[in-house]
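Please look through the model below with these notes beside you. They are written for someone new to reading structures, and they go point by point.

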Amino acid sequence: MTNSIVAALLGLLEGLTEFIPVSSTGHVLLAGYFLGFESPGRAFEVLIQLGAILAILGVYAGRLWGIFRAAPQDPQARRFIWAVLLAFLPAVVVGVLAHPIIKTVLFETPVLIASMLIVGGVILLLVDRNPPPVRVTETESIPLKTAIAIGFIQCLAMIPGVSRSGATIVGAMLLGVGKRAAAEFSFFLSMPTMAGAFAYDLMKNREILDAQATGNIVIGFVCAFLAAIVVVKWLLGYVSRHGYALFAWWRIGVGAAALLAMALGG
C-alpha cells in the first residue's frame with residue numbers, strides 16, 4: 001500500500017477510536033508498526049487528532065455556544081468552564097516536561113503499548129461491572145475538585161495504550177460520576193487537551209515536516225474528522241444502554257493479538 005492509503009486508513013482508525021476508551025494513539029501506533037508506516041518525529045500520530053477535535057466541536061457547537069453565552073449570568077456555566085480548564089492544566093505541565101520521553105521512548109515501544117491495552121481493558125471491565133455509587137449525573141455539575149482529579153488521571157494517557165478517554169472516563173466513574181456524564185466530560189476535556197497537544201507538537205516538529213509528511217497528515221486529518229463525527233453521535237447512547245464492557249474486551253483482544261504477532265515475528 002502507498003503511504004497515502006496507509007495515512008487514510010490510520011486517519012479512519014484515529015477517528016473511530018479517539019473518543020472510545022480503547023486508546024486511539026495505541027491503535028494508530030500499533031497499526032503503523034505492522035504496516036511499516038514511519039512519520040517524522042511521530043508528528044502524524046499527534047497532528048491528525050485535530051480532525052477529531054473539529055468533529056467534537058461540530059457536534060457540540062450549539063451546546064458550547066449556550067454555555068459561553070450563559071456564563072456571565074449563570075454560575076453553573078462558569079463553574080463548568082473552570083472545571084474543564086482546571087482538568088486541562090495537569091496535562092499541560094506533564095506533557096511539556098515529558099514530551100521527549102513520550103516521543104522517543106514510549107511511542108517506539110510496541111510491547112508496552114500492547115500491554116497497556118490489556119491492562120487498561122481489565123481495569124475498564126472491572127469498573128464497568130462494579131461501578132462506585134453515582135453522586136454526579138450531569139456533566140455541568142461535576143465539582144471543581146473532581147475535575148482537577150480527573151485532569152491528573154488523564155496524564156496517565158501519555159503512556160500510549162492507556163487511552164485518554166479511557167483514563168478520564170474510568171477516573172470520573174471512580175470519583176462518583178455517572179457513565180454518560182463521564183463520557184461527556186471526557187469529550188469536553190479532549191478539546192483543550194488535544195488542541196494543546198497539536199499546537200505544541202507542530203511547533204516542535206515544524207522544521208522536519210516535508211511535503212510528503214504534510215500530505216499524509218492532511219489525508220489522515222480529514223479521515224479522522226469524518227470517522228469521529230460518526231462515533232461521537234453514536235457513543236453516548238450506546239454507553240447509556242450497554243456500558244463499556246465491549247470496549248474493554250476489544251482492548252484485551254487487540255493487545256493480546258499484537259503481543260502474539262510480535263512474538264511470532266510479525
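This is a predicted model: local features need pLDDT of at least 70, side-chain atom pairs count only at pLDDT 80 or more; totals for chains, interfaces and linings use all residues.

1. Residues are numbered from 1 along each chain as its sequence is written, and side-chain values use heavy atoms, with hydrogens and water left out.

2. The largest pocket has a volume of about 680 Å³. A pocket here is an open set of points on a 1 Å grid over the protein atoms alone, with protein on both sides within 12 Å along at least five of seven lines, and its lining residues have an atom within 4 Å of a point; the volume is the space filled by probe spheres set on the points, which are joined across faces, edges and corners. The lining comprises 32 residues, of which Val46, Gln49, Met158, Thr193 and Ala197 lie nearest the centre.

3. Which helices supply at least two residues each to the lining of the largest pocket? They are α2 (24-35), α6, α9 (164-174) and α10 (179-205), and α6 gives the most, with 8 residues. Helices in this note are DSSP runs (H or I, at least four residues), numbered from the N terminus. By class, this lining has 15 nonpolar, 13 polar and 4 charged residues, where Ala, Val, Leu, Ile, Met, Phe, Trp, Tyr, Cys and Pro count as nonpolar, Asp, Glu, Lys and Arg as charged, and the others, Gly among them, as polar.

4. The second largest pocket holds about 270 Å³ of space. Its lining is made of 16 residues, and Gly120, Ile123, Leu156, Val162 and Ala167 are those nearest its centre. Helices α7 (110-129) and α9 each supply at least two of the lining residues, and the classes come to 12 nonpolar, 3 polar and 1 charged.

5. How many salt bridges are there? The count comes to 7, a salt bridge being a side-chain nitrogen of Lys or Arg within 4 Å of a carboxyl oxygen of Asp or Glu. Glu140 and Arg63 meet in one of them, at 2.7 Å from N to O.

6. Glu184 is buried at a relative accessible area of 7%, and Glu140 counts as buried at 17%, whereas Arg63 is partly exposed at 29%; buried means under 20% relative accessible area, exposed over 50%, and partly exposed in between (1.4 Å probe, protein chains only).

7. Asp201 forms a salt bridge with Lys103, and their closest N and O atoms are 2.6 Å apart. Asp201 lies in helix α10 and Lys103 in helix α6, so the pair ties together parts that are 98 residues apart in sequence. Asp201 is buried, with a relative accessible area of 2%, and Lys103 is buried as well, at 9%.

8. Two loop residues deserve a check of the backbone. Ser23, in the loop between α1 and α2, has a positive phi of about 75 degrees although it is not a glycine, and Ser23 is buried at 3% relative accessible area. Arg42, in the loop between α2 and α3 (43-47), has a positive phi of about 55 degrees, and it is not a glycine either; Arg42 is buried at 9%.

9. Leu10 lies in helix α1 (residues 3-17) and is buried, with a relative accessible area of 1%. Leu10 and Ser24 are 14 residues apart in sequence, and their C-alpha atoms are 9.7 Å apart in space.

10. Finally, Leu89, Val92, Val93, Val94, Val96 and Leu97 make a nonpolar surface patch of about 500 Å². Patches are made of residues with over 30% relative accessible area and no salt bridge, with like charges joined within 9 Å and nonpolar side chains (Val, Leu, Ile, Met, Phe, Trp, Tyr) within 5 Å; accessible areas come from the Shrake-Rupley method with a 1.4 Å probe, and for residues only the protein chains shown count as cover. Val96 has its place in helix α6 (residues 75-104) and counts as partly exposed, at 41% relative accessibility.

How values were computed
On a 1 Å grid over the protein atoms alone, a cavity is a set of points where a 1.4 Å probe fits but cannot get out, and a pocket is an open set with protein on both sides within 12 Å along at least five of seven lines; lining residues have an atom within 4 Å of a point.
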